[in-house]
Structures are given as structure tokens and as C-alpha cells.
Amino acid sequence: MLARHLDSLRRYPDPTEAAGLLADAIGVDSQRLLLTNGGSEAISLVDREIGGRVWTEPEFGLHPRNPDGPIWRSDPHNPSGRLADPDEAADVWDEAFYPLATGQWTVGRAGVVVGSLTKVFAAPGLRLGYIIADDVGQFARHQPQWSVNSLAVSVLPELLELADLTGWSEAIAAARKELAEMLRRFGLSVETTDAPWVLVRAPGLREFLAPHGVVVRDCASFGMPEYVRVGVPDSDGLARLESAMIRSGVEAKSG
């Protein structure tokens, strides 16, 4: 898909059309959406303009941690992976994983929303994110010229045509269940999530698996050194993980 758009690299990027198509897909007015260089730039632009503090710890490390100001919250919460209750409130919502958790682009809450298309399409190197806000211009004024590259802008319409959020979220939920069941067979404590990962209390698991070509997310940076976050794999990835568990010396429980 990217190869079909390589000619775009000879032009300066114009995100107008791509941003409009994304706004249509999400169901918001195009004047309320700003395309960004990944979710990290979206977070940075909002932080620079209004600052703020996290709803609770642990929370995603890029969110601001000032003593006061607007409240930030990830949904599903990162790292617990749980979706917010309908009555929970925040001023800035990070919905990077929301589409994959629910099959919908957004809740449609009031306030500011930041999102990450590189999460949705599993392409972190593409660097595509967005901000949704009533006054999105206040964040746009901090954005450098040509922030989003031409290749990303050109391929986004094609990515949106292929998006199947409902199908993807259902497949992730089924695969997440299989992952949790497999890990529990090895006697590990797995916490239920709504996200494309599971949270596992397993000190040292990262070190056990890494020599066998499987890397899980150490949660020490969240202040949870005894936990790892395991991304939901496809069937081949699940088999590879199970094989690595066996080769690392973890014994599965029978029955």
C-alpha cells in the first residue's frame, strides 16, 4: 500500500483532504479535528496549550503531571486496560486504544480527545494521530509546518477504506480470551482487560521470554515492577508465545 504512494514524497504534505476524510469516518466536523504526527504530538500540543494532571496513577507516561489543571485520562485506562464507566469525567481523554477495544472511533464526550491511528492500524512508524476539540485551533498554533509527512497523508484515505473496527475489536476480544487462558494454564495471574493486551503479575517474565525472541512490556515505568503487559497476538503469535513459555522453563498446569 505504501509503495503505491511513494511519489507523494516529491511533494510537500497537505493534510486537508486526509483530515476531512478522518473526521467523516469518526463522525465529527472537520473544523474540530487536527491531524498530528502520531498520538505523541497530539498529547504534546494539548499539554503545551492547557497543561494538566493525570486522573490517577499509574497512567501513561506522556501525559502531563502538573500539580493542578485539566484532568487527563486514558480510555481504556493504560495500563489496567479497563474502559471508563459512563459516569467518569475528565477534561482530556486519550482514546488511542478505544477503537480496538470497542469497535467505535470515539465515545463523543465533551472536552478534548487525542487519538493514535498508528495504534489502530498497527503502524507506529507511520506517525499519524489526531486531536478532536471545539477549538482545535488553539492546539494547531503550536504545530510546526508540515508536521505530518506526505506518505502518511497520502496513504490515510486508503487505510480508512479498509478499516473494520467492529471486526478487529471482536477478533481482539476472542484472541485476548485465548491468551489469558493460555497464560493461566502456566499458573500466572492474569487481570481482565478491555484492551488489546492483558496485564500479568509475573516478576521476571520479560527476562525469561526475551532470550526466546518474545518481548513483553515491562510495567516498571508505570510504577508496577511486578507486572508485565502482554499484547494480544494472532494465532501464530500465541503459539510462539506458548513455545517460548515452555522453553523458558515455565510448566503448564494440567486440566
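Is Leu-2 buried, partly exposed or exposed? Leu-2 counts as partly exposed because its relative accessibility is 40%; here buried means under 20% relative accessible area, exposed means over 50%, and partly exposed is in between, with a 1.4 Å probe and protein chains only.

This is a predicted model, in which local features need pLDDT of at least 70 and side-chain atom pairs count only at pLDDT 80 or more, while totals for chains, interfaces and linings use all residues. Residues are numbered from 1 along each chain as its sequence is written, and side-chain values use heavy atoms, with hydrogens and water left out.

**The start of the chain**

Leu-2 lies in the segment before α1. Helices (H or I, at least four residues) and strands (E, at least two) are DSSP runs, numbered from the N terminus. Leaving aside neighbours within four places in sequence, Leu-2 is in contact (heavy atoms within 4.5 Å) with Leu-126, Leu-151 and Val-155. The C-alpha atoms of Leu-2 and Lys-177 are separated by 33 Å, and these two residues are 175 residues apart along the chain.

Helix α1 covers residues 16–26, and its buried residues include Ala-18, Leu-22 and Ile-26. An α-helix has 3.6 residues a turn, so residues three or four places apart point the same way. The buried residues of α1 pack against β1, α4 (117–120), β6 (129–132) and α6 (150–162). After α1 comes Gly-27, with a positive phi near 95°.

Two strands pair if DSSP finds at least two bridges between them. Ser-74 has Asp-94 in β4 as its bridge partner.

Thr-36 belongs to strand β1. Thr-36 counts as buried because its relative accessibility is 0%. A polar atom of the Thr-36 side chain lies 3.2 Å from the backbone nitrogen of Tyr-130.

Helix α2 (residues 38–50) has 13 residues and spans 19 Å from its first C-alpha to its last, close to the expected 18 Å; the expected span is 1.5 Å times one less than the number of residues. Its buried residues include Gly-38, Ala-42 and Val-46. The elements covering the buried residues of α2 include β1, β3, β4, β5 (112–116), β6 and α5 (137–140). Just after α2, Gly-51 has a positive phi of about 65°.

**The nonpolar cores**

A nonpolar core is a set of buried Ala, Val, Leu, Ile, Met, Phe, Trp, Tyr and Cys residues joined through side-chain atoms within 4.5 Å. The largest core has 28 residues, of which Leu-22, Leu-33, Leu-35, Trp-105 and Leu-117 touch the most other members. At least two residues of this core come from each of α1, β1, α4, β6 and α6. The largest share, 6 residues, is supplied by α6. A second, separate core has 20 residues, including Ala-180, Val-214, Val-216 and Ala-244.

**The four-stranded sheet**

Another open sheet has 4 strands in the order β7-β8-β10-β9, with antiparallel pairing. Its edges are β7 and β9 (217–218), each with a single partner strand, so one side of each is left without a neighbour in the sheet. Helix α7 (residues 165–185) packs on this sheet and touches β7, β8 and β10. The direction of α7 makes about 15° with that of β8; axes are lines fitted to C-alpha atoms, for helices over the stretch in contact, and angles run from 0 to 180 degrees between N-to-C directions.

| Strand pair | Sense | Bridges |
|---|---|---|
| β7 (residues 189–191) and β8 | antiparallel | 3 bridges |
| β8 and β10 (residues 227–231) | antiparallel | 5 bridges |
| β9 and β10 | antiparallel | 2 bridges |

β7 and β8 form a hairpin with 5 residues between them, and Glu-191 stands opposite Leu-199 in β8. Arg-201 has Tyr-227 in β10 as its bridge partner, while Asp-218 stands opposite Val-228 in β10. Strand β8 (residues 197–201) is largely enclosed by the rest of the structure because 4 of its 5 residues are buried.

Methods:
A polar contact is a pair of N or O atoms within 3.5 Å; within protein, one must be able to donate a hydrogen and the other to accept it, and residues adjacent in sequence count only if both atoms are side-chain atoms.
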